[in-house]
Amino acid sequence: MHGTRRIVNALLYLILASFAVQAEPVKVLTYDVAPFAFTNGEQNQGLLIEVLDELFKRSELEYMVQFLPLKRAIISVEHDNNTCVLPIERSQEREVHFQWISPVLVSRYGLFDLPESQIYLTTLEDAKPYVIGSFLGSGVGEYLKDFGFRVELTSSNRQNVNKLLRKRIPFWAAELVSANHLMKKAGVNLTPELVFYTSLRAMACNKEMDFKKAEALQASLLSMYHDGFLTALYAKYGTEI
Amino acid sequence: MRGTIRSIYLLSLIISAGVNSARVVAQPETEQSLVAQHWVDSELQPSTLSRDEQLRELQWFINSSLPYQGMEIRVVSERILTHWYEANVLAKAFYELTGIKVVHELTGEDDVIQKLSAQIQTNQNLYDAYINDSDLIGTHFRSEQVVALSDFMANEGQAVTLPTLDLQDFMGIKFTTAPDGKLYQLPDQQFVNLYWYRHDWFSNVAYQRQFLAKYGYALGVPQNWQAYEDIADFFTNDIKEIDGKRVYGHMDYAKTDPSLGWRMSDAWLSMAGVGDVGLPNGLPVDEWGIRVENCRPVGASVSRGGALNGPAAVYAIDKFVSWLNLYAPPESSSLNFTQAGEWPGKGVIAQQIFWYTAFVADLTDPSLAVMNEDGTPKWRVAPSPVGKYWQKGMKSGYQDTGAWTLLKNTPLKRQQAAWLYAQFVVSKTVSLKKTLVGLTPIRHSDIQSDVMTKKAPYLGGLVEFYRSNAREVWTPTGTNVPDYPGLSRFWWQYISKVVEGTLSSQQALDQFATAVDKHLDMLSKRSSHPCAPKLNDKQPAQFWLQQNGSPKPVNLDEPKGKTLPFEEAINAWY
């Protein structure tokens, strides 16, 4: 009789513990990069913030967002259960260390120039003779440098809009959503002469996080592509997937 | 404004092409045909086609692309010289001929696969075509998401299929054809992993005498792993120094990194003789140790009829690790694929059991220590030696073709426009020139051409290999592997544990085989495809080891080393 009670208690404990894990909000770490994710201290905003909101709503999971520098965020997620980081590149080196929700972000990169430019680009190589503006830490700046392009780096991407407008650089390499955001602030509306590269970004979650949560999040993410939610969201930010 | 600039540019092409227009027979002097003349004369030489044939082929592209003029399509491939040439030169030519603008993105092969998978899963038209390795053929035909090109060419793609495409001229067409007999990918570039060695050192009479005295057979191209091991020992421990430099008889890499997996999945086990007889891949057991029954993968572990943890696989991994520790430069175990790739050019390596010929262009740089003053290399490539479980009729090395792949969820008009570009960059008008640029030949007609005969002495044996029947025996991952992206990542995770010394080869392969079986089981539950995996029940290992073929029981033979002179080593495959 005592034995039966102990088993019932143990089962109850396990059920409650599993509900507790289920109920514990997932901690989502991201970093400050407008217009994808930024905060004014009270409210978080941006394309990725809207993606997260819908993603967790569809998955019926609680979550909380915290801003951290990317390197620290990745280390935290490696060690802390129930924690995720986005957006990050899903490389083979990282593959085995996380559970992946992907792709949370499809980014297109273009070369912007002034409307009066006389330079016509059929291929990326056509831009080889010219200086291309980018910013320190930019992945696409590195990509272009690897191919032997002359890339001039600024400390912030915003400076490149001004450099382009003042004709100090003929081309500015930028991610399309970020570029729209920066151009809006500068009061200009330029179109890319060539959209030359696409990157996919993922959300990496701790390897020990409840597999069912990861599965629910991945299914919800795909449903957001399939029913047009993400197409509409990208359009709101001035671009398409 | 931009349109005006383009017109001015085209006009300049027309003027320059006009100089040669007298040679054109029965070509209408339209703007586009003059553009075609410009490209044929200024860039697309040499070709196995006559100039007139080239112009006719380009005219077909001009005419067939009219409904797609003004479109912009997006394709993606890995970053190698061949694709750089396509992205920056051929895409431009195609645009000027057809008015279809192509953004040909270059990225890592891993990223290409992720993008292809993302398009399938999200149903978003990320790209209009992909160039991805034919290693994925087993994945593609089971996925039902990839366009069967043979169906496409006969139906909705018929009007945009080049009459002179000549599929039988592609050397890698077998690699991209599935068990259902359908073609799923069109080869775009092809490379092979071959034995690489310093022909000048092997030709040194003093070394030849010393080797013969010690081992009782001639120093030459090793035909089996024992000879490879003897030569490795000879240069690392007997010769030791050449021209004042420390030299090594073996080179490899083993950093815990995804590229360690390629070393293995790019068919190390095939050389050892893990799989069954059968080309392009062993049947029923392939070189990954996966058994199929009626096209259904049924297991990788010996207990399910596979060979991934069988005696031949253990032998293969033991040799990999022992050669690395005994004969390679001490740094090699901490190098990855890219870092190790620079070593043969340094002039301190005597041989490498297999080496990617995608590096031939890099290793013929005249400034390197491994080049002669006349522009010929001091090195040669030859068919790799085989291990003691290998038998005639088995695959004995790795070759792959990066191939054009269309996804079903790309809108038809975009598929058709992308298909035109795909055919353009592999057309006979273009392919010989592209071969000379990137040294990744795809067509029989190119490899048999006089141009390649003249080029052969400068390419260290590459042309001879492709002219021999060996090209049929070096093959990619086959159709036994039902989920290449999902399964390939296991290789480096388990093999690295052997390199690090945390597990024995047998222990690591046991765990690896179990992980593969588990993955196959997961796939079997997700798919209703008639060729989807369906695991065999477990049997005692002895049950399978006593059957004919793979998995094979322990072979206790210690074969004597065997070598051949370079010419005979190549001729053995004619």
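Okay, let's start with a pair of strands: in chain A, β6 (residues 98-112) and β10 (residues 192-206) run antiparallel to each other, joined over 12 bridges. Strands here are DSSP E runs of at least two residues, helices are H or I runs of at least four, and both are numbered from the N terminus. Strands count as paired if DSSP finds at least two bridges between them. At one spot, Phe112(A) sits opposite Pro192(A) of β10(A).

Before I go on: this is a predicted model, where local features need pLDDT of at least 70 and side-chain atom pairs count only at pLDDT 80 or more, while totals for chains, interfaces and linings use all residues. Residues are numbered from 1 along each chain as its sequence is written, with chains lettered from A and ligands numbered from 1 in the order in which they are written.

Now zoom out. The pair belongs to an open, mixed sheet of eight strands in chain A, ordered β4-β1-β5-β10-β6-β9-β7-β8. Which strands stand at the edges? They're β4 (63-67) and β8 (150-154) of chain A, and each has a single partner strand, so one side of each has no neighbour in the sheet.

What about chain B? The contact (C-beta atoms, placed from the backbone, within 7 Å) takes 22 residues from chain A and 24 from chain B. On chain A's side, α4 (92-95), β6, β10 and α8 (211-226) each give two or more residues. β10(A) gives the largest share, five residues.

Conventions
Two residues are in contact if their C-beta atoms, placed from the backbone, lie within 7 Å.
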